[in-house]
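This report looks at backbone features and at the contacts of aromatic rings. Please have the sequence and the model at hand while reading.

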Amino acid sequence: MEITKICCIGAGYVGGPTMAVIAQKCPHIQVTVVDLNEQRIKDWNDPNTDNIPIYEPGLSEIVAEARGRNLFFSTEVEKAIDEAQVIFISVNTPTKTYGKGKGMAADLKYIELCARQIAKVAKQNKIVVEKSTLPVRTAEAIKSILDNTGNGVQFQILSNPEFLAEGTAITDLLNPDRILIGGDTTPDGEEAINALVNVYANWVSKDKILTTNVWSSELSKLTANAFLAQRISSINAMSELCEKTGADVNEVAKAIGMDSRIGPKFLKASVGFGGSCFQKDILNLVYIAKTYGLNEVADYWEQVIIMNDHQKRRFSSKIVQTLYNTVADKKITFLGWAFKKDTNDTRESAAIYVADDLINEQAKISVYDPKVSKNKMLSDLDYLETRSAEKNLEALTILNDPYEACKNAHAIAVLTEWDEFTTYDWKRIYDSMHKPAFVFDGRNILDAKKLESIGFVYNGIGS
Ligand code: NAD
Ligand code: UGA
């Protein structure tokens with residue numbers, strides 16, 4: 001079976017970049033990305049590709065090349081489903097905020113809506129691909145909906161989780177460590193797996209395309225995120241011990257990372273991990289384990305989240321303590337709001353929680369981030385519902401110029417590791433601040449010695 005038409009439901013951080021790369025690498029395949037969010041689709045179709053809704057290095061160039069040729073963004077969901085042989089589901093799967101599993105389980109209502117819509121519209125056999133991150137055995141539910149509400153059409157369900165990281169999405173998609181495809185071990189299942197393998201084989205070598213059964217594929221995605229997040233919580237736990245003992249967490253990370261069994265990646269101590277997925281996926285894993293009565297397994301993984309919450313809280317407490325136990329009416333400047341560099345995504349960013357804690361202590365926060373809009377920062381804070389939107393607006397000032405943001409500050413806190421922060425004229429910043437001038441480097445990216453020689457009181461993580 002040769003694939004010539006693909007539809008992707010969900011034009012978000014995964015659907016948009018993933019489909020743009022498939023379209024670029026497979027000019028013979030027509031790729032249509034659909035979404036219910038009209039504004040999002042309008043933004044993807046903006047004539048100036050610098051205005052597309054997601055900032056990722058390299059993405060706008062790929063969209064410029066493929067859009068209108070074989071890459072389309074549309075709100076006509078049913079038409080795109082009807083025409084496609086393969087339908088990727090890339091919709092959001094947030095943590096449930098209501099009912100059974102509230103605060104833990106994945107909310108699968110958007111997934112179910114997609115399945116029902118596909119069942120309603122499909123008139124020919126289709127391959128349905130789970131691209132969203134899902135609890136293990138979700139394919140079973142999707143299959144049941146498709147088979148029981150469809151028009152007698154045959155569906156093959158594949159699991160093809162996405163491993164891209166934001167900020168490096170395009171290089172991750174162009175040179176993936178592996179592509180994982182899970183499917184049924186029946187002849188029809190194998191035919192569907194091969195069809196999808198052949199799409200990726202247009203640019204990924206076959207030895208990197210791994211095929212498994214559906215459940216292994218679904219569970220591997222949750223496992224990968226749990227292991228990655230666990231490494232961050234592990235090094236962050238050590239960072240607190242370093243601060244008490246005179247050890248330096250950067251030196252410890254380097255020393256252990258040189259052990260080839262441990263490896264150097266994902267050992268950067270920080271103010272805590274953010275992003276839309278690590279916390280959500282681990283909570284989901286914890287919930288699944290509890291559902292099967294595996295309480296020790298659940299407690300083991302939950303500790304990764306507990307440690308991460310502690311790390312964020314510890315950072316704000318340290319600022320308050322160091323500033324003579326009060327930050328009331330003091331100006332604290334945040335450099336960075338995004339959950340990591342090179343993205344405009346702020347979901348679960350540590351900055352939101354640190355700001356919330358400091359505003360509770362009546363601090364005035366001023367923020368500069370090169371890519372995050374003022375409205376986004378305010379809506380992030382409002383979403384916590386700690387205080388009214390008016391009060392958040394009073395407490396948070398957002399500036400487009402880092403030097404303006406730092407002027408008259410009592411302290412600067414680095415929340416995101418944007419490269420440009422290391423290139424600033426720190427003497428100029430020092431001269432414009434209240435003294436003593438404190439820096440809290442939540443990413444350990446600044447040159448501590450240089451800052452101290454200027455006169456700053458420097459506080460990193462884990463030293
Ligand atoms: P997102 O919120 O950016 O995008 C999801 C999109 O789906 C939204 O635009 C929403 O309007 C749309 N949508 C929801 N229901 C719809 C429906 N019924 N019909 C049409 N459109 C619908 O989410 P995301 O960050 O792209 O994540 C999507 C999935 O991929 C999640 O399961 C996530 O865990 C997983 N994932 C995300 C990343 C990442 O870096 N963000 C990486 C790997 C996997
Ligand atoms: C993560 C995974 O890396 C991807 O493989 C996965 O596909 C994705 O989640 C997902 O499922 O959504 P992402 O969240 O985009 O990707 O970014 P990461 O680079 O993993 O960073 C996550 C958070 O951890 C960031 O806040 C980052 O600053 C922090 N981090 C990362 C550290 O604090 N220390 C590190 O050493 C690495």
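Where is glutamine 362 found? In this predicted model, glutamine 362 is found in the loop between helix H13 and strand S10 (364-368), and its phi is positive, at about 65°, although it is not a glycine. Glutamine 362 is exposed, with a relative accessible area of 53%. A positive phi, here of about 60°, also belongs to glutamate 348, again not a glycine; glutamate 348 has its place in the loop between strand S9 (331-335) and helix H13 (350-360), and it is partly exposed, with a relative accessible area of 27%.

Another backbone feature is the cis peptide bond that runs from lysine 435 to proline 436, with omega near -5°. Proline 436 lies in the loop between helix H17 (426-431) and strand S13 (438-441), while lysine 435 lies over the face of tyrosine 430, at 4.6 Å from the ring centre. In a further contact of this kind, the charged end of lysine 312 sits over the ring of tyrosine 353, 4.3 Å from its centre.

The structure holds 15 aromatic pairs, and two of them are set out in the table.

| Ring pair | Distance between centres | Angle between planes | Arrangement |
|---|---|---|---|
| Phenylalanine 421 and tyrosine 424 | 5.8 Å | 55° | tilted |
| Tyrosine 424 and tryptophan 426 | 6.3 Å | 35° | tilted |

Phenylalanine 421 and tyrosine 424 are both buried, and tryptophan 426 is buried as well. Ring pairs link these residues into a cluster whose members are Tyr368, Tyr403, Phe421, Tyr424, Trp426, Tyr430 and Phe456.

How values were computed: Residues are numbered from 1 along each chain as its sequence is written. Chains are lettered from A and ligands numbered from 1 in the order in which they are written. This is a predicted model: local features need pLDDT of at least 70, side-chain atom pairs count only at pLDDT 80 or more; totals for chains, interfaces and linings use all residues. Side-chain values use heavy atoms; hydrogens and water are left out. Helices (H or I, at least four residues) and strands (E, at least two) are DSSP runs, numbered from the N terminus. Buried means under 20% relative accessible area, exposed over 50%, partly exposed in between (1.4 Å probe, protein chains only). Rings of Phe, Tyr and Trp (its six-membered ring) pair if their centres lie within 6.5 Å; planes under 30 degrees apart count as stacked, over 60 as edge-to-face and the rest as tilted. A charge sits over a ring if NZ of Lys or CZ of Arg is within 6 Å of the ring centre and within 35 degrees of the ring normal.
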